[in-house]
Structure formats: structure tokens, C-alpha cells
Amino acid sequence: MTNRKKPRVYLTRKLPDAVETRMRELFDAELNVDDIPRTRDELAAAMKRVDVLVPTIADRIDEALIAEAGPQLKLIAGFSNGTDHIDVDAAARKGITVTNTPNVLTEDTADMTMALILAVNRRLAEGARVLTDKPGDWEGWSPTWMLGRRIWGKRIGIVGMGRIGTAVARRAKAFGLAIHYHNRNRVTATTEEELEATYWDSLDQMLARVDIVSVNCPYTPATFHLLSARRLALMQPTAILVNTARGDIIDEAAMIQLIRDGKIAGAGLDVYHNEPSVNPKLVKLAREGKVVLLPHMGSATIEGRIDMGDKVIINIRAFYDGHRPPNRVLPGRN
Ligand code: DGY
């Protein structure tokens, strides 16, 4: 890439300093130092003049926007694992390659899944609030106060046993949970053996039998409301739901109603329908201690975000060196 003109690369958001420094060395990089989300018009204007767009999951790169892109835009190098915010098929039709950043956020997201499982069952957010919001309310240790639910010995049902689901399973096993999973394809016999995992071809049957449901599948048209009102109603009233994947995999309104009616015990959520707005009914449930809500922080570690940036750089360099970028997203997948 050294003798050629550097590609013009447009970053829609601020990235870690180390990533931006490297980007400036290698590319003609246009940064977003103020980190103010770009408007649709700004994105459209950028897509008419730059060679590479680096969007995040907060940017909706839909068919209409792609249709307006200039002929010089050849690569959308996503700073994300998920690609549901990019119309990959429309990009392919226009001859634009799309890449993402898989693998590097697997462990962080799995950690956050475990954190939510513990937070809901052991009432971490409620307990922490007692000491920060109303410290005078703590009268000291009591045998019957702040009782949560034990997780050791319970059953977790993982919906989507890809990289993140498997990483959750490894952690869950170490916490003494029995592993159950539902996936389009069964994992290898070696992995099942290692995890002592039980495969459920029927999601319905698994949902009815587990104590914790963890959503770890990608969001595609096929997984929209995979956890529909009917399916959620199959869960046990003592069971909880944890979602670190995408909000719309769950019918959020139905989940809220079932929690309010005591038909599901609670939920730990990092993702929502229509982010960044959060349904006020969920906020109310959080105040009542029935759900724990996080603002999409699953991959939010400095190491993870630098690794994601490095992947974006590798994909851009490979593309401009005339190679197939290692993390190309194929059309027809979402
Ligand atoms: C992704 O990259 O898809 C994650 O959801 C970001 O946390």
C-alpha cells in the first residue's frame, strides 16, 4: 500500500487513541474527535466522497443510504461483530465489500453475560443501590434480607451456541450450571463432551426446562422475535432471561408483561428494541429490582475496543493490498 495513494477512510465515531493513531499513519483518515453521532445526511455526504466507511452499530447503513453512495466507496469496514445495521446484500449489489470484527469481543461479551446472570439472581444492583442511594436503610446483616437465588446446580439454556454462546457455556460450567443449548447445528461431540452439554433440537422444550435463558445468537430476519410471546410463556415462573445479543431477538413488550405478571422471574439486559431509547416499563421494573439493565456494554473493554480497531485496520489493509479481507461478511447472511 506504500506507493499508492492512501485510501480515504471515514470513522463515524471516536475510536481508542491507539487505533486512531495507527489509522492516521496508514490512511487518509477522517476522525470524529468530538464523538458526536453522525446524522444521516452527514453519512450520505461522506459516502459520496470517501473510499472506506467505518461505521459502528449505532449507524444505520441501509439500502437507501448505500444506493446514494458514490462509485469510489468500495469498502464498509464495520467496527462491530454484528452486521445487522448494514444492508450487506444492498452493498454487494453495489459492489461494496463489507467486513466486521468477529472473535475479539467473544470473551468480554461472555463475561458480561455471566455478570448479568449473577446480578439478577444475586440482586447486585439492588444491593449496591442500598449503600449509595439510602445508606441509612442498612440495619446490618440479617438472615432473611436481600435473599437472591443460587445459581450453582441450576440449568442454563443457551440460545445460539456460536463463539459467544460457547464462551458463556464454559464460564457457566465453572459456576456449576448444567449446560443446555439450542442452535441451528449441533456443536461437535468433543465440545458437547467438554461442556457436558445437552442439545435441544426444540427451542420450546428447552425453554420450559431451564432456570436461566441466555440469548447469544446473531440478529437476522430469522431470529427476529425468536423469543416470541408464545415461547416466552413456556419459561418457568422462577426462570430468568439474559440478553447480550440484540434486543429484537426477544419480543420485549411480551417479556415485560410476563415479568410484571410474575410469569418470568426477571431479566438481565444489555440490549434493547430501538436503542438507545429504553422502554420506561423496563426502567420501572429495574427500580423494583426485577430486571438489571445495562447500556449495551457487553464488549466495552479497552482491550476489546483496541482489538476491534486492529481488525478494522487489517481488513482495510488487506482490501487495499488486493487480498480478500479476513473478515468479509458474505451477502445473504442477514
Ligand atoms: C457488536 O459489535 O456487534 C457488539 O454488539 C458491540 O457491543
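This is a predicted model: local features need pLDDT of at least 70, side-chain atom pairs count only at pLDDT 80 or more; totals for chains, interfaces and linings use all residues.
Local features were considered at pLDDT of at least 70 and side-chain atom pairs only at pLDDT 80 or more, while totals for chains, interfaces and linings use all residues. Residues are numbered from 1 along each chain as its sequence is written. Helices (H or I, at least four residues) and strands (E, at least two) are DSSP runs, numbered from the N terminus.

Helix H1 spans residues 17-26, and helix H13 spans residues 302-320. Their axes come within 9 Å and cross at roughly 15°. H1 is therefore roughly parallel to H13. Axes are lines fitted to C-alpha atoms, for helices over the stretch in contact, and angles run from 0 to 180 degrees between N-to-C directions. Angles under 35 degrees count as roughly parallel, over 145 as roughly antiparallel, 65 to 115 as roughly perpendicular and the rest as oblique. On the H1 side, the contact involves Ala18, Val19, Arg22, Met23 and Leu26. Their partners in H13 are Ile306, Gly309, Ile313 and Arg317. Contact requires C-beta atoms, placed from the backbone, to lie within 7 Å. By class, six residues of this contact are nonpolar, one is polar and two are charged. Ala, Val, Leu, Ile, Met, Phe, Trp, Tyr, Cys and Pro count as nonpolar, Asp, Glu, Lys and Arg as charged, and the others, Gly among them, as polar.

Ala18 lies in H1. Ala18 is partly exposed, because 13 other C-beta atoms lie within 10 Å. A residue is buried with 20 or more such neighbours, exposed with 12 or fewer, and partly exposed in between. The C-alpha atoms of Ala18 and Met255 are separated by 41 Å, and the two residues are 237 apart along the chain.

Helix H7 (residues 163-174) has 12 residues. From first C-alpha to last, H7 reaches 17 Å, close to the 16 Å expected at 1.5 Å a residue. The expected span is 1.5 Å times one less than the number of residues. Buried residues of H7 are Ile164, Gly165, Thr166, Val168, Ala169 and Ala172. These pack against helices H5 (106-122) and H8 (189-195), and against strands S6 (155-159), S7 (178-182) and S9 (212-215). Just after H7, Gly176 takes a positive phi of about 85°.

H5 and H7 pack at an angle of about 50°, with their axes 8 Å apart. H5 is therefore oblique to H7. This crossing is right-handed. Thr106, Glu107, Thr109, Ala110, Thr113 and Met114 in H5 meet Arg163, Ile164, Ala167, Val168 and Arg171 in H7. The contact residues divide into five nonpolar, three polar and three charged.

Arg123 and Glu196 are not glycines, yet Arg123 has a positive phi of about 60° and Glu196 one of about 50°. Arg123 is found in the loop between H5 and helix H6 (124-133). Arg123 counts as partly exposed because it has 19 C-beta neighbours inside 10 Å. Glu196 sits in the loop between H8 and strand S8 (198-199). With 10 C-beta neighbours inside 10 Å, Glu196 counts as exposed. A cis peptide bond joins Glu275 and Pro276, with omega about 5°. Pro276 is placed in the loop between strand S11 (266-269) and helix H12 (280-287).

Conventions:
Two residues are in contact if their C-beta atoms, placed from the backbone, lie within 7 Å. A crossing is left-handed if the near helix is turned anticlockwise from the far one by less than a right angle, and right-handed if clockwise.
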